[in-house]
Amino acid sequence: MLLEVRDLVIDYRATRGRVRAVDGVSFDVPAGAVVGVVGESGCGKTTAVRAITRVMPSSAVFAGGSITLDGVNLVPLSEREMKKYLWRDIAYVPQSAMNALDPVWRVGRQIEEVLVDRGGMDRKAARTRAEELFAMVGLEAKRLGDYPHQFSGGMRQRASIALGLALSPKLVIADEPVTALDVVIQRQVLDTFAELQKQLNLSVILVTHDISVVAYVCDYVVVMYAGKVVESGPVAEVLDNPAHPYIMGLYNAFPELGGEDRELSPIEGSPPDLLDPPKGCRFRARCPFAIEDCVSDPPEHKVSAGHLAHCHRALEAGALRETAKKTATWVGVTSE
Ligand SMILES: Nc1ncnc2c1ncn2[C@@H]1O[C@H](COP(=O)(O)OP(=O)(O)OP(=O)(O)O)[C@@H](O)[C@H]1O
């Protein structure tokens with residue numbers, strides 16, 4: 001296993017108190033696999049994956065768990081030791097391409113800086129490598145001389161992927177890589193990304209709120225809700241046979257990328273405030289299938305090999321799925 005995240009707990013010290021943004025999260029990233037981390041905004045996805053890179057705000061605190069890359073637990077490492085892993089072993093492609101690219105520098109120059117400063121290359125080799133990286137992501141070499149604002153959104157995203165791949169990392173963490181783009185461009189960028197992933201045998205963690213992006217490119221999925229993993233496993237298994245109502249609801253809420261039109265319905269309400277999360281199942285206030293038992297912590301249910309779900313009603317999932325397909329099921333549910 002390339003990466004093993006176990007019982008990870010991350011708090012933020014906020015003025016209102018301590019916010020437990022990641023609360024006992026475990027998942028694996030096999031070598032050469034694409035793992036999607038999916039959930040609505042505020043469920044702790046970004047916090048969980050940034051913990052792997054250690055690029056975190058100073059208010060963030062590791063409150064428990066381990067992050068093991070190739071047998072090394074990264075959590076106890078100092079920031080200096082951790083720097084050795086960034087770019088070379090782990091690359092982070094941030095939420096907005098504008099965050100990855102500095103607006104005042106030419107794009108090519110930014111890629112070359114990483115190659116020279118972090119990769120120890122000379123200028124000439126760095127230039128050649130930057131051209132190679134641009135070709136890999138489908139950009140013309142002459143555009144290396146442009147500033148980020150001269151690029152379209154899709155091109156900027158391609159450039160920030162090129163930057164992430166500069167030093168041939170084993171693990172790429174891409175945070176909402178296509179969210180800001182329109183659907184046609186999303187598909188094009190995802191297609192390029194998926195081709196590169198196969199060609200380079202990259203391991204990828206792809207963070208998204210969009211379950212259709214997971215269906216399109218991921219091998220495994222980790223579904224987060226309010227700081228916890230509610231369901232995880234191989235994509236085909238989890239998306240075809242979800243055992244947690246949250247995934248059943250997410251499926252209704254997003255159109256399929258390139259799929260047929262179908263009636264969509266959002267999950268009403270929003271995730272709970274993590275300063276004071278509800279006891280028991282955190283999804284219960286928005287769940288059409290909530291029962292009295294849901295006020296206690298949901299048990300872990302093994303649906304099939306590698307497919308886990310945390311729901312009191314996981315054994316009835318087949319029947320719940322049928323009801324969940326009717327969009328009316330999701331109307332007027334919110335109880336808090
Ligand atoms: N710097 C911070 N200080 C305090 N709380 C924070 C901070 N950053 C995030 N949080 C809180 O931690 C929780 C998880 O946020 P996080 O950004 O990890 O979620 P997310 O699922 O990635 O959402 P998004 O897609 O919007 O980034 C939220 O409740 C958020 O308000």
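These legends go with a few views of a predicted model.

**View 1. The whole chain at a glance.** Count up the secondary structure and you get eleven helices and twelve strands. Along the principal axes, the C-alpha atoms take up a box of roughly 65 × 45 × 40 Å. For 336 residues, a compact globule would have a radius of gyration near 20 Å, and the chain comes in at 21 Å, so the two agree.

**View 2. Around the ligand.** Here 16 residues surround the ligand, and the closest are Tyr12, Ala21, Ser41, Thr46 and Thr47. Strand 1 (3-14), strand 2 (17-29) and helix 1 (45-53) are the elements that each give two or more residues to this shell. Helix 1 supplies the largest share, with three residues.

**View 3. Helix 4 against helix 5.** Helix 4 (residues 107-117) packs on helix 5 (residues 123-136) at an angle of about 125 degrees, and their axes are 9 Å apart. The crossing of helix 4 past helix 5 is right-handed.

**View 4. Side by side in the helix 4 and helix 5 contact.** From helix 4, the contact draws on Gly108, Ile111, Glu112, Leu115 and Val116. Helix 5 answers with Arg123, Ala126, Arg127, Arg129, Ala130 and Leu133. Sorted by class, the contact of helix 4 with helix 5 holds six nonpolar, one polar and four charged residues.

How values were computed:
Residues numbered from 1 in each chain as written. Predicted model: local features only at pLDDT ≥ 70, side-chain atom pairs only at ≥ 80, totals over all residues. Near = placed C-beta within 6 Å. Helix = DSSP H or I, 4+ residues; strand = E, 2+ residues; numbered from the N terminus. Axes fitted to C-alpha atoms, helices over the stretch in contact; angles between N-to-C directions. Left-handed = near helix turned anticlockwise from the far one by under 90°. Contact = placed C-beta atoms within 7 Å. Nonpolar A, V, L, I, M, F, W, Y, C, P; charged D, E, K, R; others polar. Rg over C-alpha atoms; globule rule 2.2 N^0.38 Å.
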